[in-house]
Amino acid sequence: MDLTGRTVAVIGAGFAGASTAKALSLLGADVTVYEQAQQAGEVGAGIGLRPSSLAAFREWGSLEAIQGVTSPSHGLRIFTPTSEPIHAEEWPEKDVFGLTTHFIHRRDFIDALLSVLPEGMVAFGHRLVSVVDNGDSATVSFQNGTEITADLVVAADGITSRVRGALFSEKPPVFAHEHAYRAVFDLDLIPGVFDDDNDFHIYFDVPTNRHLYLVPLKHRGQVSFDITVPSDDDTWSPKITRERLIESLAGFDDRFENVTRTIDLDTVNCRSAHDIDSINLWHTDSIVLVGDAAHAMLHHQGQGANSAILGAKGLADALRDADSIAAGLSAYQAARKPITDEYQRISRAGWDEESLDDGFPGQHGDADRVEA
Ligand SMILES: Cc1cc2nc3c(=O)[nH]c(=O)nc-3n(C[C@H](O)[C@H](O)[C@H](O)COP(=O)(O)OP(=O)(O)OC[C@H]3O[C@@H](n4cnc5c(N)ncnc54)[C@H](O)[C@@H]3O)c2cc1C
């Protein structure tokens, strides 16, 4: 269907919201993005953008803006904590779309996504406090007193989605008993580690279930780390101490341990890891969930951001091919939910000794085939 003249309110200017805004505005919709923050402020580290996500950006005419702040990658390597190689593998979708996986800093990514939206499309300082389903439209109220009604409300408000809580599932996010420490530092602090490759590195200590994920951001002369360790403290953003950071990589390769001793603690982001249980329904006839709001998953398979982007594409494709918004929303859920259910499941399963023999446990199956 042609969305010309239809109003769309996207709640949240993260990866899902910004991608959806681009895709739906290309179908003619009159889109406004409402973001609670006063300005774009994504913190954190590096992520891998898979070929299928990059292909979506190419279709939307945004590839150049995004690829300009990335480095290409060949595959992933798994090591023991002291850097003995265990496994190496090429990215599964390599060259399916004539593109390979690229690494990007999260901040650069959100800046690039927002830079390709028309001027004025994003209204910052708008925190959704309630949503009312009117059947063929929905009304949203914001904390600043504004109220709007749109033909379609796209809830891209993340893992703690208020829209999901109000209409689709009251279940809170599920704690994974892990903390993730993330930061970006200069590549030359770990000499030799990325001399010969530009791959995603995983260092896994099986007995203590500690992981170090390294994403090289060579275009910035930097590397990003994500240290994931067991913890029973479910505070959303726990405070990181030097002692705890050093302990998290005790016994790992000296080069990594040194980083934990010297890095500026103020640059380290600490989050307790949560996902959500798969929910049955993502939409009414005028309100729909995308991204983490619909299917937040643990980060171990690096699929959260990619699923947010492919969800935006799935929603736009379904609306384009349907004869009504309601039918499009239903087709979107039917196409995307089986895939994200599977990613939620394998991300929660995490890594075990057996899966170290395969860099992509569970991902050579249906989920990848459908996406490709
Ligand atoms: C430790 C860690 C590592 C990760 N690593 C990877 C990785 O390597 N690869 C990968 O693909 N994914 C990764 N992810 C997952 C990825 O970050 C998320 O899946 C992705 O950010 C989801 O995007 P989103 O737009 O749905 O949600 P978010 O990025 O959470 O964006 C939601 C937006 O909505 C806004 N918002 C929230 N509530 C309201 C409201 N009431 N009103 C208005 N606005 C609101 C927020 O301010 C925010 O801007 C990782 C996650 C974590 C925690």
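Helix 9 gives the most to the shell around the ligand, contributing three residues. In this predicted model, 29 residues surround the ligand, and the protein covers 85% of the 1000 Å² of accessible area that the ligand has on its own. The protein chain itself comprises eleven helices and 18 strands, and 57% of its 372 residues count as buried.

**The shell around the ligand**

- The closest of the 29 surrounding residues are Ala-16, Glu-35, Leu-128, Asp-292 and Ala-305.
- At least two shell residues come from each of helix 1 (15–26), strand 13 (174–186) and helix 9 (304–321).
- By residue class, the shell is made up of ten nonpolar, eleven polar and eight charged residues.
- Both domain 1 (7–47 + 106–173 + 277–371) and domain 2 (176–275) take part, each providing at least three residues of the shell around the ligand.

**Polar contacts and cover of the ligand**

- A polar side-chain atom of Asp-292 is placed 2.7 Å from an oxygen atom of the ligand.
- For Ala-305, a backbone N or O atom lies 2.7 Å from an oxygen atom of the ligand.
- Ala-156 also takes part through its backbone, where a polar atom is 3.4 Å from an oxygen atom of the ligand.

**Overall form of the chain**

- Taken along the principal axes, the C-alpha atoms fill a box of roughly 60 × 40 × 35 Å.

- Helix 4 (residues 106–115) is mostly covered, with seven of its ten residues buried.
- The buried residues of helix 4 are Arg-106, Asp-108, Phe-109, Ile-110, Ala-112, Leu-113 and Leu-114; two of the names in this list, Arg-106 and Asp-108, belong to the charged class.
- Gln-344 is located in helix 10 (residues 325–349).
- Gln-344 has a relative accessible area of 6%, which is under the 20% limit, so this residue counts as buried.
- The side chain of Gln-344 reaches the backbone oxygen of Ile-276 at a distance of 3.0 Å.

**Strand 13: Val-184 and His-177**

- Strand 13, one of the elements that supply at least two residues of the shell around the ligand, contains Val-184 and His-177.
- Val-184 counts as buried because its relative accessibility of 18% is under 20%.
- Although Val-184 and His-105 are 79 residues apart along the chain, their C-alpha atoms are separated by 8.8 Å.
- His-177 has a positive phi of about 55° although it is not a glycine.
- At 42% relative accessibility, His-177 falls between the 20% and 50% limits and therefore counts as partly exposed.

- Ser-83 is placed in the loop between strand 5 (75–79) and strand 6 (85–90).
- The phi angle of Ser-83 is near 75°, a positive value in a residue other than glycine.
- His-87 belongs to strand 6 and, at 18% relative accessibility, counts as buried because that value is under 20%.
- The side chain of His-87 makes a polar contact with the side chain of Glu-89 at 2.7 Å.

- Glu-243 is found in helix 6 (residues 242–248).
- The relative accessibility of Glu-243 is 64%, which is over 50%, so this residue counts as exposed.
- Glu-243 and Phe-142 are 101 residues apart in sequence, and their C-alpha atoms are 41 Å apart in space.

Note on methods: Residues are numbered from 1 along each chain as its sequence is written. This is a predicted model: local features need pLDDT of at least 70, side-chain atom pairs count only at pLDDT 80 or more; totals for chains, interfaces and linings use all residues. Side-chain values use heavy atoms; hydrogens and water are left out. A residue is near a molecule or strand if one of its heavy atoms lies within 4 Å of it. A polar contact is a pair of N or O atoms within 3.5 Å; within protein, one must be able to donate a hydrogen and the other to accept it, and residues adjacent in sequence count only if both atoms are side-chain atoms. Accessible areas come from the Shrake-Rupley method with a 1.4 Å probe; for residues, only the protein chains shown count as cover. Helices (H or I, at least four residues) and strands (E, at least two) are DSSP runs, numbered from the N terminus. Domain bounds come from an automatic or database domain assignment. Buried means under 20% relative accessible area, exposed over 50%, partly exposed in between (1.4 Å probe, protein chains only).
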